[in-house]
Amino acid sequence: DTQEGIKTVGTEKILYDMLKLMLKHSLNEDISLLKKAHEQGDWEKIQKLAHKLKGGAMYVGATRMKMACQYLECYGKKGQHQLLEELYQQVLHVVDESKSHINTWIEEKKQ
């Protein structure tokens, strides 16, 4: 939701710059840490990283990514475990889709 992102950061140019930075650095680093925690079976760390990803997603208007992270984070905090793996996979899928949409938006704004 670009309008939500603009409302949060101030201008379309700032949103553009923030999204580029997020794609090049923070999102890749966070997903790498998320995958490492998953390999180690560290669901507490996964929940913390989901919380961090959720905050970044909220800041730039990435609503689907925010919701996927929130579902994973909240589900684990409630002591539920049956669907953690599915919710984790959903986060990865939604992040990939979000990255694709953000890249498309960035390319359109370049022109």
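1. Is Ile46 buried or exposed? Ile46 is buried, with a relative accessible area of 0%. Here buried means under 20% relative accessible area, exposed means over 50%, and partly exposed lies in between (1.4 Å probe, protein chains only).

2. On the source: this is a predicted model, in which local features need pLDDT of at least 70 and side-chain atom pairs count only at pLDDT 80 or more, while totals for chains, interfaces and linings use all residues. Residues are numbered from 1 along each chain as its sequence is written, and side-chain values use heavy atoms, with hydrogens and water left out.

3. Ile46 is found in helix α3; helices (H or I, at least four residues) are DSSP runs, numbered from the N terminus. Leaving aside neighbours within four places in sequence, Ile46 is in contact (heavy atoms within 4.5 Å) with Leu34, Ala37, His38, Leu72 and Tyr88. The C-alpha atoms of Ile46 and Leu34 are separated by 5.7 Å, and the two residues are twelve residues apart along the chain.

4. Two packed helices are described by the angle between their axes and the distance between the axes. The axes of α2 (residues 12-39) and α3 (residues 43-60) come within 10 Å and cross at roughly 170°. That makes α2 roughly antiparallel to α3, a term for angles over 145 degrees. Axes are lines fitted to C-alpha atoms, for helices over the stretch in contact, and angles run from 0 to 180 degrees between N-to-C directions.

5. The contact of α2 with α3 has 15 nonpolar, two polar and three charged residues. Ala, Val, Leu, Ile, Met, Phe, Trp, Tyr, Cys and Pro count as nonpolar, Asp, Glu, Lys and Arg as charged, and the others, Gly among them, as polar.

6. The largest nonpolar core has 33 residues, of which Leu19, Leu27, Leu34 and Met65 touch the most other members. Such a core is a set of buried Ala, Val, Leu, Ile, Met, Phe, Trp, Tyr and Cys residues joined through side-chain atoms within 4.5 Å. Helices α1 (2-9), α2, α3, α4 (63-77) and α5 (84-110) each supply at least two residues of this core, and the largest share, ten residues, comes from α5.

7. The structure holds zero disulfides (pairs of cysteine sulfur atoms within 2.5 Å). The sulfur of Cys69 is 11 Å from the closest cysteine sulfur, in Cys74, too far for a bond. Cys69 is buried, with a relative accessible area of 0%, whereas Cys74 is partly exposed, at 32%.

Conventions. Parallel < 35°, antiparallel > 145°, perpendicular 65-115°, else oblique.
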